[in-house]
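Thanks for coming. I will show one structure today and walk through a few of its parts. Please have a look at it before I start.

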Amino acid sequence: MPFKSHSHSLTGSLHWYIEKIEKNRPQALSQSPPMAKLCPFSFLLPLLCFTFFTTISVSTDEADILLSFKASIDDSKNSLSSWSNTSSIHHCNWTGVTCISASSLTVASINLQSLNLSGEISSSVCKLSGLSNLNLADNLFNQPIPLHLSQCTSLENLNLSNNLIWGTIPDQISQFGSMKVLDLSRNHIEGKIPDSIGSLVNLQIFNLGSNLLSGSVPSVFGNFSELVVLDLSQNVYLVSEIPTDIGKLEKLEQLFLQGSGFHGQIPDSFVGLQSLSLLDLSQNNLTGEVPQTLGSSLKKLVSFDVSLNKLSGSFPDGICNAKGLTNLSLHKNFFNGSIPTSISNCLNLERFQVQDNGFSGDFPDKLWSFPQIKLIRAENNRFSGELPDSISMAAQLEQVQIDNNSFTSKIPQGLGLVKSLYRFSASVNGFYGALPPNFCDSPVLSIINLSQNSLSGHIPELKKCRKLVSLSLADNSLTGEIPPSLAELPVLTYLDLSDNNLTGPIPRGLQNLKLALFNVSFNQLSGEVPYSLISGLPASFLQGNPGLCGPGLPNSCHDDQPKHHSAGLTTLTCAMISIAFALGTLMVAAGFFVFRRYSKQKSQAGVWRSVFFYPLRVTEHDLVSGMDEKSAVGNGGPFGRVYILSLPSGELIAVKKLVNFGCQSSKTLKTEVKTLAKIRHKNIIKILGKINITNGVFQVLDPRIPNSFQQEMLGALEIALRCTSVMPEKRPSMFEVVKALQSLSSRTGFSNMELSTLEEHSLPV
């Protein structure tokens with residue numbers, strides 16, 4: 001209990017004691033001579049005065065010691081302003097100081113945690129004979145381990161964590177023999193753990209986590225019979241097997257070895273850790289199987305984490321004998337087999353993580369209805385089974401990730417009754433049927449991913465999940481229209497409805513959202529696309545919907561133009577191209593000129609077709625012609641060189657010219673480039689588009705066409721390519737198309753009969 005105004009209370013007690021004596025004194029004494037009135041009190045005065053002056057002396061000495069300790073400390077924030085001999089505050093009430101009262105008041109504890117202190121930790125503090133606790137954690141002390149603190153004969157708890165303590169652990173660490181708590185974590189301590197540390201047999205808490213320790217860990221921990229907490233975690237330079245003698249620590253409750261260089265197997269001796277509640281062996285290089293009886297032996301376990309290792313074998317059966325188990329993390333190992341039915345005994349489980357393993361068989365139904373469950377992660381396994389309606393009983397469920405498995409069932413209505421759910425991801429499974437109307441009713445739901453399943457029916461109206469950020473229903477068999485209610489979700493940022501059978505228009509309200517991704521490609525949508533959804537988004541996210549129209553799309557929207565006009569234009573163009581092929585009067589003379597011109601272009605670029613994923617104010621010809629030696633970077637790799645080109649806006653882009661595709665087909669290349677264009681990651685550049693360039697222009701023509709006709713076909717092909725430019729302003733007008741075709745017609749002279757023959761035998765280009 002902190003001491004408050006000791007001298008004043010002592011004086012007050014003295015006066016109170018005198019008054020009490022005077023009041024209760026017998027009447028006979030009151031008639032005594034005046035000098036006799038002091039006699040009953042006079043014998044107490046020397047004793048009280050002696051005690052008073054002794055206390056003052058001790059207090060003065062301890063205050064001076066504290067001030068001496070402060071003198072070596074840099075206090076940048078003036079946190080120790082109360083530490084002053086000119087202050088009226090008693091030193092037992094100074095910041096961080098706690099005194100206890102035995103025969104006299106003495107300083108027992110100094111807690112200066114998180115005060116931004118630096119400087120030197122002085123040994124003067126050891127003159128405080130009653131000091132048992134010194135906490136200097138979360139400061140900026142920059143020095144080796146202060147071994148001189150071993151002079152503090154009463155010191156039992158020393159916390160120097162999260163400072164800048166550096167150097168090795170010296171053999172003299174054994175001088176802290178009376179220490180019960182030693183926390184040196186989160187510093188820069190390096191080197192090996194010395195064998196002499198085994199002398200600290202009184203330790204109850206020993207923490208060396210988050211340092212730079214290296215080498216092997218000595219087998220000395222079996223001596224720590226009183227140890228309750230052992231932390232050697234986050235020492236990435238350790239190269240050691242787990243010492244088997246740790247299994248002797250019957251009082252050990254918490255063992256943290258994660259994120260260090262431990263390898264080998266989990267010791268069988270761990271079955272002796274009968275008091276263990278927290279076990280973290282994650283992020284190591286452990287191999288082999290979990291000891292068969294480990295799960296059933298550790299009956300007080302609350303958390304069991306062996307994730308991110310190389311463990312194999314079956315699920316640790318019996319682990320749910322620990323009725324208080326709340327966290328079970330086995331993810332990212334090589335476990336296989338099925339989850340045993342005993343998992344149903346883990347009724348207090350909150351976190352279940354088995355993702356990225358080789359588990360198979362039916363996923364346990366009971367797990368979906370645990371009353372305390374918050375997290376279920378089982379993605380990237382081979383689980384089968386159903387998602388039961390009993391999931392509604394998981395009232396605290398927050399996150400479900402079961403992607404890339406073989407679940408086969410409908411999405412249950414019970415899912416919409418889980419009001420705490422903020423993430424549900426079940427892509428690449430076999431879920432089928434219609435989405436229940438309430439599947440997005442959780443008011444905190446932020447992420448839904450049901451892509452690559454077999455869902456059908458309409459997309460329900462989504463109105464209650466107003467915190468939805470990401471919705472992916474891609475690659476299913478959904479039908480109907482895109483629900484307009486999506487536009488009412490204020491934070492919706494990622495929307496992927498691609499590869500379905502959706503029809504109707506794109507709701508105009510979607511343009512009011514700040515969508516970073518909007519993909520409705522390969523559906524059956526129609527109508528005008530709002531301009532804001534086109535600008536800044538990849539054009540490929542709208543492709544595969546021939547009924548859509550808008551700026552930058554193959555179909556432009558003209559309200560005053562009959563819809564059959566575009567079809568008529570196509571017919572006219574095809575007719576003119578046919579006439580161009582049929583006519584050949586000036587074939588020989590003009591053909592030679594055209595042949596020379598295109599032969600020259602062949603050596604430079606060839607014929608190209610482009611697909612831009614983003615609107616670019618530049619033509620394909622501008623890009624290809626700019627790829628010269630001046631713009632080339634380096635000598636190029638095995639797949640071609642890179643060129644740095646400047647767009648009209650001044651923005652620089654990198655163009656990779658791919659050659660030597662090997663056995664890959666153009667379709668494979670197109671698919672891979674399309675996939676890259678969709679990826680958003682800080683380490684992957686944005687793919688703006690692609691241009692397919694043939695090795696020679698004649699490779700796009702049927703070899704059975706006579707050479708005398710090929711040059712005119714090239715002219716028609718050039719016109720067609722200009723008509724399909726990705727930017728509308730780059731496309732020729734109808735008048736320019738007709739004029740160009742008439743120019744070709746005037747130079748040709750072969751008959752319609754010849755054209756018919758060619759059409760019967762030609763192949764599609």
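Let me begin with a question: which residue forms a salt bridge with Lys-251? The partner is Glu-226, and the closest N and O atoms of the two are 2.8 Å apart. Before I go further, note that this is a predicted model. The pair of Lys-251 and Glu-226 links distant parts of the chain, 25 residues apart. Lys-251 sits in the loop between β14 (240-241) and β15 (254-256), and Glu-226 sits in the loop between β11 and β12 (229-231). Are these two residues buried or exposed, or something in between? Lys-251 has a relative accessible area of 40%, so it counts as partly exposed. Glu-226 is partly exposed because its relative accessibility is 31%.

As background, side chains of opposite charge can pair when their charged atoms come close. How many salt bridges does a search of the whole structure find? The number is 5. I will describe two more of them.

One is between the side chains of Asp-138 and Arg-186, at 3.9 Å from N to O. With a relative accessible area of 21%, Asp-138 is partly exposed. Arg-186 is partly exposed as well, at 42%.

The other joins Arg-377 and Glu-379, whose side chains meet at 2.3 Å, N to O. Here Arg-377 is partly exposed, at 21% relative accessibility, whereas Glu-379 is buried, at 6%.

Which residues touch the most other members of the largest nonpolar core? They are Phe-304 and Phe-352, in a core of 148 residues. Several elements each supply at least two residues of this core: α4 (45-71), β2 (97-101), β3 (105-111) and α6 (531-534). Of these, α4 gives the most, with 5 residues. Apart from this core lies another, of 6 residues, including Met-627, Ala-632, Leu-645 and Ile-653.

Leu-212 belongs to strand β11 (residues 212-215). It counts as partly exposed because its relative accessibility is 34%.

Last, the chain as a whole. It has 13 helices and 44 strands. Of its 765 residues, 45% are buried. The accessible surface comes to about 37,900 Å², and carbon and sulfur atoms account for 55% of that. Among contacts between residues at least 6 apart in sequence, 49% join residues at least 24 apart.

That is where I will stop.

Conventions: Residues numbered from 1 in each chain as written. Predicted model: local features only at pLDDT ≥ 70, side-chain atom pairs only at ≥ 80, totals over all residues. Heavy atoms only, no water. Helix = DSSP H or I, 4+ residues; strand = E, 2+ residues; numbered from the N terminus. Buried < 20%, exposed > 50% of the residue type's maximum accessible area, 1.4 Å probe, protein only. Contact = heavy atoms within 4.5 Å. Areas by Shrake-Rupley, 256 points an atom, 1.4 Å probe, with all protein chains shown as cover. Core = buried A, V, L, I, M, F, W, Y, C linked by side-chain atoms within 4.5 Å. Salt bridge = Lys/Arg side-chain N within 4 Å of Asp/Glu carboxyl O.
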